[in-house]
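Have the viewer open as you read.

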Amino acid sequence: MAERGQLPHPAKRLCCRPGYGSGCRPGQRAGGSGPGGGALCAGPSSAAAAAALGLLPLGKTQSPESLLDIAARKVAEKWPFQRVEERFERIPEPVQRRIVYWSFPRSEREICMYSSFNTGAEDPAAGPGGAAAPGGAMDAAAAAADENRLPFRRGIALLDGGCVDNVLQVGFHLSGTVTEPAMQSEPETVCNVAISFDRCKITSVTCSCGNKDIFYCAHVVALSLYRIRKPDQVKLHLPISETLFQMNRDQLQKFVQYLITVHHTEVLPTAQKLADEILSQNSEINQVHGALWMCIVLNPHCKLEQKSSWLKQLKKWNSVDVCPWEDGNHGNELPNLTNALPQGANANQDSSNRPHRTVFTRAIEACDLHWQDSHLQHIISSDLYTNYCYHDDTENLLFDSQGWPLWHEHVPTACARVDALRSHGYPREALRLAIAIVNTLRRQQQKQLEMFRAQKKELLHRGVTSITNLEGWVGHPLDPIGTLFGSLMEACRVDDDSFHGFSDFTENLGQCKSLEYQHLPAHKFLEEGESYLTLAVEVALIGLGQQRIMPDGLYAQEKVCRNEEQLISKLQEIELDDTLVKIFRKQAVFLLEGGPYSGLGEVIHRESVPMHTFAKYLFTSLLPHDAELAYKTALRAMRLLVLESTAPSGDLSRPHHIASVVPNRYPRWFTLSHIESQQCELASTMLTAAKGDVRRLETVLESIQKNIHSSSHIFKLAQDAFKIATLMDSLPDITLLKVSLELGLQVMRMTLSTLNWRRREMVRWLVTCATEVGVYALDSIMQNWFTLFTPTEATSIVATTVMSNNTIVRLHLDCHQQEKLAGSARTLALQCAMKDPQNCALSALTLCEKDHIAFETAYQIVLDAATAGMSYSQLFTIARYMEHRGYPMRAYKLATLAMTHLNLSYNQDTHPAINDVLWACALSHSLGKNELAAIIPLVVKSVKCATVLSDILRRCTLTTPGMVGLHGRRNSGKLMSLDKAPLRQLLDATIGAYINTTHSRLTHISPRHYSEFIEFLSKARETFLMAHDGHIQFTQFIDNLKQIYKGKKKLMMLVRERFG
């Protein structure tokens, strides 16, 4: 065993060589970076030792890390970045950069461990104290040579030799080049190194040197150590996906062009192949969308052995640990950041315990599906397949009342069949099946409406709702509504004769914006006057209006929003005619009366997907044709029950229905801010449309006040209404202005007791709005100020603005109206001063200046509060105001009250209150001897600072008390004697303060302050000499100092030189 002073084996020292001692925090370098030396981590006992080791410069301290860096480092160590993105809707770029920065490993020990095979055995050739044992010199030299051949040691040599270059970090990927110097038998080589990492662990490495060893090569070591030792020299970029997301179309185009130009030999063939497929509408990359694997296994002509082969392969992929999940969620290792409250026993049990579905699960399940059903075969193969023997007593009829075929199957699965037929070149068959599915949905919608009407009274009385759809069709992984809509829209762009395959109409598919959709007559199975276009629009409206539960997870919730917006965007491309307007009217009525099956039903589930975006589209589409129905639809959609404390619970008696088992908890809606903004947009659209209509505006206002819970969104609506009401090209709409004011008042009430950084802006805006409404609105907000504003806001912003000349001119007020408004402002000011005298007293005095009674009342409020709650600075401020207004005695009264609250110690010679003290003494001096005599005892009691006292003393001796008037006129008179009161008391206090201060300073004085101390004694001598026996007192004082502090020889020598 090695002795205490013996160094460990060189190979063992490699792990701690770069400066990561046991006491160092990970990522903190200790001193010493020589190639062969170890390094110690500085202990806490000696800053000098730390400086000697290179940890800190001598005489300097280490600045603490920012809170951002501390938090980012912890996140980078523990949490996958993808999970962080799922938890938070938007991560600011600086935060992303710091997380990416701290995600790289910071321990060189791990780099050493994965690049060197070492047991850690000690050097047998080393004797005690590190001396070589006899005969061991050659063995030690051989060991040193072996050590230098280790990848870790070679990597250090490459790094120290400046061989690492072009280092770039993009997200969680580090790349660079390492130049291997030329040897005698080998030329210089440049190795390209790439390192991937996650949570401070290297996950994969590649190097062009061709290393096949299980350990890192020297080039990987060199690049890793470069990143650890020189992190600030590494150019860092966010993940490429973030960069691409920020680019516009032109930038993306330029990016691809330059990428192909620089790497044309590597990427040009692939780029050309992808470009050809993207531009070809019938290519697999465009046609097989969303449900790729479902389309493959649902190939109508897929043989049994082929399907078995696919099933085997899909199950193999499905069993891999890293197989992505369908909903995008990857584990539950993060704490519940949005709901820290304990949940009930049954809360969220489905989402936490159920097996997660991977991207292959649905395809595996689809392997059990087949096309041999005779009814299905007839549907897809014939336009003449009908049966007019209709019986309405069966739920899953094969035909409807008109004899048209229906297809009852799980809707997303049925639509996946349509997608598979389209993808494998059977557009006619896909269209037939799509029509049957849509007819089935329409029949189900009618049946559901009849069923709800029969139970409506009971359900509305109980206030409960159920959802029979376990998964929503919009945002579904298989995109059923998008599939049906796409199939029908393709059909309405071509005529019947040319509808033989995709190739006949692919040229038109990319022209959605410019192409007019035609009401082409359908094959069969459509009502009179209907077409593929009306059918496509209707199925889109049915899907968008379906009541469905908000899914779990950020990915799934964002997909719901995104798919809804994409579908609405496609609908907006279609120009509405009378036929389509009828469809809109029909579906709007269905949705309003559809009960639990509709997202616009009277009673909906608390966690139902909101209808704001869809309702806004319905509103704008219906408004020119049926305003009453448009407003009814939009007003119904305004609700956001997930934010309500009491909302309808689910029907627990129906186990196949979804219910909220914890009705008072806030679900984890990651897209809630987006949803609230859409709710705000819907309300703003209605406000704009309702301009000039008093009844509609009142209804919309009531809906906003009831359903919108965000003060910032209500404030935005108030501002929008104000802008619309005061457009420059028309007279102000007084009703809309009142709506704006009402919304502003609601914002004031909501934010009165909460912190809001926009509060001052909101208050100022409200006063502006009330001014536009009229004088009665201003009077009203001042009379009810305590429910809207804090006392400070009411006096400093509201009342002050109301009393300003600009407001008077803007309102064209006569004298009587001005006086009435001023009276309300003064009443408000006095009430605020009573409630918060510390912050409102001065404003109240200012506002009451022109009314003697109100001014006296405000002054009395100040006096009453002076002894209890007001600080000396507030009292001094009011006292100076009083002097400025020509009330010197009142100013003096307030100054004396302020002095009782003040306490200046001996070393506070730069305190901000010094000017106030000097002003108070000057005021007292100007008023007369009696006032000066009264304030000096207060000064002596409150001020212990010698320089301040001496300054006051000198000023009092320059002029006669009471002889300098307010206008500065100097009259001859007898100066006050320092031997009599009140100046004698002040002189004694000043001398005493100098003595006490001198002793206090000498207890901890340093040589660099000696000259300053001598100057201080010189000022003290000037004060001593103002007394008739001052010379004697000062001499005795100096002698005492020499005796007491004789140990401070150098200082006492300076004292003798100056003062004898």
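Predicted model: local features only at pLDDT ≥ 70, side-chain atom pairs only at ≥ 80, totals over all residues.

## Around Thr998

Leaving out residues up to four places away in sequence, Thr998 touches Phe1013, Phe1016, Leu1017, Phe1037 and Leu1041 (contact means heavy atoms within 4.5 Å). Thr998 sits in helix H44, residues 983-1002 (helices are DSSP runs of H or I, at least four residues, numbered from the N terminus). Its relative accessibility is 0%, so Thr998 counts as buried (under 20% relative accessible area, 1.4 Å probe, protein chains only). A polar atom of the Thr998 side chain lies 2.7 Å from the backbone oxygen of Tyr994.

Numbering runs from 1 along each chain as its sequence is written, and side-chain values use heavy atoms, with hydrogens and water left out.

The protein chain has a mean pLDDT of 79, with 76% of its residues at 70 or more (pLDDT is the predictor's confidence in each residue, from 0 to 100). Over residues 1-60 pLDDT stays under 50, and over residues 330-353 it is below 50 too.

## Enclosed space

The largest cavity holds about 90 Å³ of space (a cavity is a set of points on a 1 Å grid over the protein atoms alone where a 1.4 Å probe fits but cannot get out; lining residues have an atom within 4 Å of a point). Among its lining residues are Met550, Glu564, His612 and Gln678. Helices H24 (554-572), H26 (612-622) and H28 (672-689) each give two or more residues to that lining.

Conventions: Buried < 20%, exposed > 50% of the residue type's maximum accessible area, 1.4 Å probe, protein only. Polar contact = N/O pair within 3.5 Å; in protein donor to acceptor, adjacent residues only side chain to side chain. 1 Å grid on protein atoms, 1.4 Å probe; cavity = no way out; pocket = protein on both sides within 12 Å on 5 of 7 lines; lining within 4 Å. Points joined across faces, edges and corners; volume = space filled by probe spheres on them.
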